Every structure is written in C-alpha cells, then in structure tokens.
Amino acid sequence: MSATLLRISAIALATFTLAACSTSSQPTQQLAYAAPKPPVDPRVNRMYGAVTDDGWQIPAVDPKNMDPRNIRQVVDYETTEPAGTIVVDPRARFLYLVMENGKAMRYGVGVGKAGLEFTGSGVIKRKAAWPHWTPTQDMIKREPDKYGGALRDGMDGGIDNPLGARALYLYKDGKDTLYRIHGTNQEWSIGKAVSSGCIRMLNQDVIDLNSRVPKDTRIVVI
C-alpha cells in the first residue's frame with residue numbers, strides 16, 4: 001500500500017511540476033497603450049475656424065500648427081500708452097491692443113527679418129479689405145528673381161495675396177512708411193522673423209483687430 005501511495009504522490013508531483021513549468025514558460029503579454037493626444041484648445045476651433053469673408057474662403061487654422069502662446073487672448077499688460085494704442089513687440093513676436101485697467105488684447109505675429117523691421121511710432125491712416133499688393137522697390141532690388149518679374153506690378157486682392165484679408169497702413173509724419181499690419185494663411189510664420197518688414201497676423205486675427213481699431217489709431221513698434 002505504501003508503495004502504491006508513493007507512486008501516486010510521485011505522479012501528482014510530476015503533473016504539478018509540468019503544469020507549473022508550462023505556465024511560467026508562457027511569455028508575459030505586454031499591453032500597448034497609445035499615448036493620449038493632447039486636447040485641442042477649444043479657443044482655436046472657436047476663433048480660428050474656417051471663415052467666408054467677402055466671397056473668399058479663409059481656411060481653418062490647423063491646431064497642430066498653433067502655438068498656444070499665440071492664441072488671441074486678453075492678458076495683463078502694463079504700459080504708459082493709452083487705451084486704443086497698438087503696441088508691437090518684435091522681439092517677443094506679439095502685438096498688443098491696449099485696453100483699460102492694465103489689460104491688452106494680445107495677438108501672435110510674424111515680424112520683419114533683422115534690419116528690415118520698422119521701429120518708432122506712427123498712425124494707421126488707411127484700412128483695406130482684401131487689398132491689392134505691390135512689392136516695394138527695395139524688395140525688388142533684394143530679390144529680383146522673386147519680385148522683379150510678373151510680380152513687379154503686384155497682385156489683386158484674394159486668398160493668395162501676400163497681404164491677406166486685411167491691411168492696416170502705417171504712416172509717419174503724413175507719409176506712407178510702406179509698412180503694413182496684414183493677414184496671412186501661413187500659420188507656421190507666426191512667432192517668427194520672416195517677413196520683409198511688415199507685421200503679419202493670421203487672417204482671423206487681422207479681421208478681429210481691424211474691427212476693433214479705427215483710422216488714426218496710434219501704433220508703436222518697440
């Protein structure tokens with residue numbers, strides 16, 4: 001009897017051992033988790049969606065190309081300039097519309113390349129929707145291959161026009177400085193120094209700014 005029990009115990013132990021080895025020999029399953037996508041700021045969809053303006057279709061801004069710091073927003077802003085003044089800070093790549101009580105509406109902008117930017121103060125003497133654009137003589141001299149051919153006489157207003165949906169014309173001492181605040185569809189250029197001196201804004205932003213400021217608004221470029 002004891003020999004029979006011993007054989008049964010040995011068989012049971014072997015079965016348990018095989019079962020244990022079988023379990024441990026299975027590779028551990030690794031669960032793959034996709035990294036969560038960052039949520040789209042609802043302000044981008046609300047303020048930078050597609051727009052139909054004067055018959056032109058302005059495309060929506062791709063949220064992936066929108067740096068959150070460049071979203072149009074009210075910020076604290078201390079300045080000695082009175083409310084209603086436009087202040088452009090080319091180094092920070094921001095345009096501020098000064099408001100009451102130490103606040104300002106802040107817009108992300110693209111600015112002029114080094115040596116091409118305007119500094120000082122002036123006034124907005126003209127505003128235009130979907131304006132005609134003509135390259136300056138300096139632009140033609142600097143890049144004759146780009147501006148000296150068919151573009152010499154400029155381009156009528158439209159979605160592909162370099163001035164975009166709106167242009168605000170900067171004058172100083174009664175003369176046109178040839179510098180503009182204008183729109184663009186090139187969202188990648190906002191926050192960078194890429195232009196020929198003008199201040200570029202997303203089309204949705206320049207439409208908003210244009211609606212807030214009248215002619216003769218003072219502008220300061222620091």
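Which side chains meet in a salt bridge at 2.4 Å, N to O? They are those of Asp76 and Lys103. The model is predicted. A search of the whole structure finds nine salt bridges.

- Asp76 belongs to strand E3, residues 73–76, and Lys103 to strand E6, residues 103–108, so the pair ties together parts 27 residues apart in sequence.
- Asp76 counts as exposed because its relative accessibility is 60%, and exposed means over 50%.
- Lys103 is partly exposed, with a relative accessible area of 33%.

**Salt bridge Asp53–Arg166**
- Asp53 and Arg166 form a salt bridge, with the closest N and O atoms 3.0 Å apart.
- This pair links distant parts of the chain. Asp53 sits in strand E1, residues 51–53, while Arg166 sits in strand E9, residues 166–172. The two are 113 residues apart.
- Both partners count as buried, because Asp53 has 14% relative accessibility and Arg166 has 11%, and buried means under 20%.
- Arg166 also has a place in strand pairing: Ala129 stands opposite Arg166 in E9.

**Salt bridge Lys64–Asp62**
- The closest N and O atoms of Lys64 and Asp62 are 3.2 Å apart, and the two residues form a salt bridge.
- Lys64 is exposed, with a relative accessible area of 74%.
- Asp62 counts as partly exposed, at 26% relative accessibility.

- Glu187 lies in the loop between strand E10 (175–184) and strand E11 (193–195).
- Lys64 does have a salt bridge, with Asp62. Glu187 reaches Asp62 in another way: the side chain of Glu187 comes to 3.4 Å from the backbone nitrogen of Asp62.
- Leaving aside neighbours within four places in sequence, Glu187 is in contact with Val61, Asp62, Asn65 and Leu202.

- Leu209 touches Ile86, Leu95, Leu97, Tyr107, Leu168, Ile181 and Met201, not counting residues up to four places away in sequence.
- In soluble globular proteins, nonpolar side chains tend to be buried together.

**Helix H5**
- Eight of the 10 residues of H5 are buried, so the helix is largely enclosed by the rest of the structure.
- The buried residues of H5 are Asn203, Gln204, Asp205, Val206, Ile207, Asp208, Leu209 and Asn210.
- Asp205 and Asp208 also take part in a network: salt bridges that share partners join them with Arg72 and Arg212.

**Strand pairing**
- Gly120 has Val221 in E13 as its bridge partner.
- E8 also pairs with E9, again in the antiparallel sense, over six bridges.

Notes. Residues are numbered from 1 along each chain as its sequence is written. This is a predicted model: local features need pLDDT of at least 70, side-chain atom pairs count only at pLDDT 80 or more; totals for chains, interfaces and linings use all residues. Side-chain values use heavy atoms; hydrogens and water are left out. A salt bridge is a side-chain nitrogen of Lys or Arg within 4 Å of a carboxyl oxygen of Asp or Glu. Helices (H or I, at least four residues) and strands (E, at least two) are DSSP runs, numbered from the N terminus. Buried means under 20% relative accessible area, exposed over 50%, partly exposed in between (1.4 Å probe, protein chains only). Contact means heavy atoms within 4.5 Å. Two strands pair if DSSP finds at least two bridges between them. A polar contact is a pair of N or O atoms within 3.5 Å; within protein, one must be able to donate a hydrogen and the other to accept it, and residues adjacent in sequence count only if both atoms are side-chain atoms.
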